[in-house]
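Visitor: Could you walk me through this structure? I would like to take it piece by piece.

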Amino acid sequence: MSDEDDAPQGDSSDAGHGHGDRADAPDRGGDRGGDRGSDRGGGRGSDRGSDRGGDRGDRDRDRDRDREGGSDRGDGTEQPREPSVFAAADRGPLGGESDTGGAATARRAVRTWAGGAADRTTTIHGDGTVFEGNQIFALYGSERTAHFVQGPVPPETLDHLGRVYCATSGYRRMRDRLRDHRVLVLCGEPGSGRKATALALLDELTGGKVFRLDPRHGVDEITEEALQESGGHLLELLTEDVREAEGEPRGARSGRGEHAAARRPVTRLSELHLDRFGDLLRGRDAYGVVLVENGELADRLLRGRYGMYCAPPPADEVLHRHLWNQLRAESDQALGDARARGARRDVVEALGLEELRPREAARLADHLARHWRGEVTDEELLAECASFVRSQAREWFAGADRPGAVPEALPALNAGAFRIAVAVFDGSAYSLAAEAAELLAWELAVTLDPEHPPGRRLFGTHAEHRPVQARAVLEDGELDLGPAKVPVRAVRFQGEALAGAVLGEIWHGYHNVRGPVARWLRSLCDDPRPEVWVRASIAAGVLCSWDWIHGFRELVVPLAVTDDPVARMAAATALAESARDPRVRPAVADVLKNWAASDDEMLVGTALLAHGYVLAAGDVSGSLDAIARVVRAREATDIDVLVPAAFSVARLLACGEPAPVLRRLRQWLEDGRLNLANLVHLAVIRALSTRTTHLWGLREVPELDGHAARPLMVALLATRPELAPELAALLRSTLTTARSGESALEALGGMLRRAAKDPESLGLVCGLLPRLAVDRRDRDRLRGLLNELVRDRDRPLDRGAARRMWDAVTEGANR
């Protein structure tokens, strides 16, 4: 019979069971219950051999002698095989082949922390000046008295405001409503220009007769005597505890009874109070503006007669006005030079914010003007710019639990938890960040008051308004799952540096917050969804790099010693991410060395998984050395070691430097040791059956992005065609080795099935097959596989694709 005979037939009467496409099987990692403390040895693949025993008949009975010992001893006796090792060839470290997905999630998280986001410096420089809106205001004293006070806004402040103020959108409608109702509620975030807009409105309507009202008192406490005839009155509602500011110990306050009235919650404000305030103002021919932060109260007031949203004016215009004011006495070139300096890439990157708020634009204008005058150097300017996000983070968390009791502190804790959750899930689904924020808020609340754990509000701040609390936005996007992309409503910070500033502030600034945050991250690392545990583990690794002594014990060790494979994978990821810092890398390497020599199989497996990310050892060669040391010291059939080791080797193949990995695999085969040979064969089978997206690493490999849904073997053929001979040689060795051949052939069948549905992959595979068909036995093996795939009753291989593959196999005879 010639090589051209016996082409694949469409007759299904002879069809067997066919080769299962294991890589296309549903993700079996979602139910963690069955994985805990049980089948770490054989697992789900231990009895597959019995299901496939008669499928191929005599097709492969004349395999080549085993290169690592052979199935034929030479004396006519057959050497026992180790089917249990390769029966688990498609088993991933989490129990299934596809349950380590999350390549896109990891890439987004790595980009979040790879740049300036992971800044360890948290010192905030300041001189006691408060920037609000388009205006600079000096603190007017910290001592407070019990009686109602008010004070005039200095004329020079209003004059300065007139020179620099940029009208917000809707300014005219605000002015008309204030004129009609005498009272106006402006809603927005601190620093958004609310106060400047309020002062501008009152200044215009009263001719400069503007007063500030005591912020410690509610609108319902204002009396007619407190109002000035024909004046404008500004009241900024506060939520801080007045009694603590007056010096009473926090523990003495019950929050109830006779002292309850001393603290006026913002939520008491209603339109009834505003009606009364308006009548008082009308009786004095006066005007009043009340400032309210975004939130539930603002949402309610915006639906009434008095509330209006104060949108920030364009930051570029605010910056221009302030620069003009600062440099108006200088040459005409000064303004242009200062603007150009502010637009330079290094300044923009140092700021780390997409859009400056008016308060920040005013600060930047001051820094740029001083830089133009030579008062600050380039380095000092960049340092000042980098402090913007740290100032924002400090403002968010300073005294967030000041009221003390959980019911009163819960709104602030919820806001803080949401900001931290967005830092971890920046750019991910809003639903994930919101749920994580609820879990963290609970941890914070029970830490604050262990005896009274809180519940969840069902209809609190609306999703459209909640991101504003974190300087974030909601947007429609896609979540890349690897094999597919799904629509998602994503939440992200409006600035790349905010994530690092938030975690840096809470980790370095507030020691007592570390406990609940660590417990929260560990619980997220126990979640089977890659979109959750990958994010949490990378954030945990960043925190460990900031404080190794604390983070390693509180975050990594509890995950590494659990019987949950997801948690151990998270521990390996966190260790690798923390090793990104060269100063921490030696400590990580020492831990992994000790774990690799441990008698605890879970620690050994975690160490092997960590080396798949390259970062712990510093380079690919060091990672391969560390993996080989563990495997050489173990039995050749030790699945608990070989499975994670093979997964990490396959991950190293996908790390962007496959050539040295392939060379090392060839060396391991030539070494002659059975355990190393088994590792090579398992890694090759993994490359055939595992989608590239499931072998993600912590280093960017852009060339593989377009091949995320394809098996790693196909992705390497597409991106590194020069490696095709080496890949083919390793695959042929695995196919012709008796103990690994059956599993390898099954994995190859799965890859051929996938390639038949993808024209580009089909061409790549057809280029590989001739290199596998070196001799007659190789061609018979591959043709038998193609015949079986075509005759599969349930999923017959496309005949056109099969014919192309058949012809490619035939080409091997002519090479």
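Visitor: How many residues does helix 31 have, and how far does it reach?
Guide: This is a predicted model, in which local features need pLDDT of at least 70, side-chain atom pairs count only at pLDDT 80 or more, and totals for chains, interfaces and linings use all residues. Residues are numbered from 1 along each chain as its sequence is written, and side-chain values use heavy atoms, with hydrogens and water left out. Helix 31 (residues 759–772) has 14 residues and reaches 20 Å from its first C-alpha to its last, close to the 20 Å expected at 1.5 Å a residue; that expected span is 1.5 Å times one less than the number of residues. Helices are DSSP runs (H or I, at least four residues), numbered from the N terminus.

Visitor: Which residues in helix 31 are buried?
Guide: Among them are Leu762, Val765, Cys766 and Leu769, where buried means under 20% relative accessible area with a 1.4 Å probe and protein chains only.

Visitor: New topic: how many disulfides are there?
Guide: The count comes to 0 disulfides, taking a disulfide as a pair of cysteine sulfur atoms within 2.5 Å. For Cys187, the nearest cysteine sulfur belongs to Cys310 and is 9.4 Å away. Cys187 is also buried, at a relative accessible area of 0%.

Visitor: And where does the charged end of Arg182 sit?
Guide: The charged end of Arg182 sits over the ring of Tyr287, 4.5 Å from its centre, and that of Arg651 sits over the ring of Trp696, 4.9 Å from its centre. The rule asks for NZ of Lys or CZ of Arg within 6 Å of the ring centre and within 35 degrees of the ring normal.

Note on methods:
Helices (H or I, at least four residues) and strands (E, at least two) are DSSP runs, numbered from the N terminus. Buried means under 20% relative accessible area, exposed over 50%, partly exposed in between (1.4 Å probe, protein chains only).
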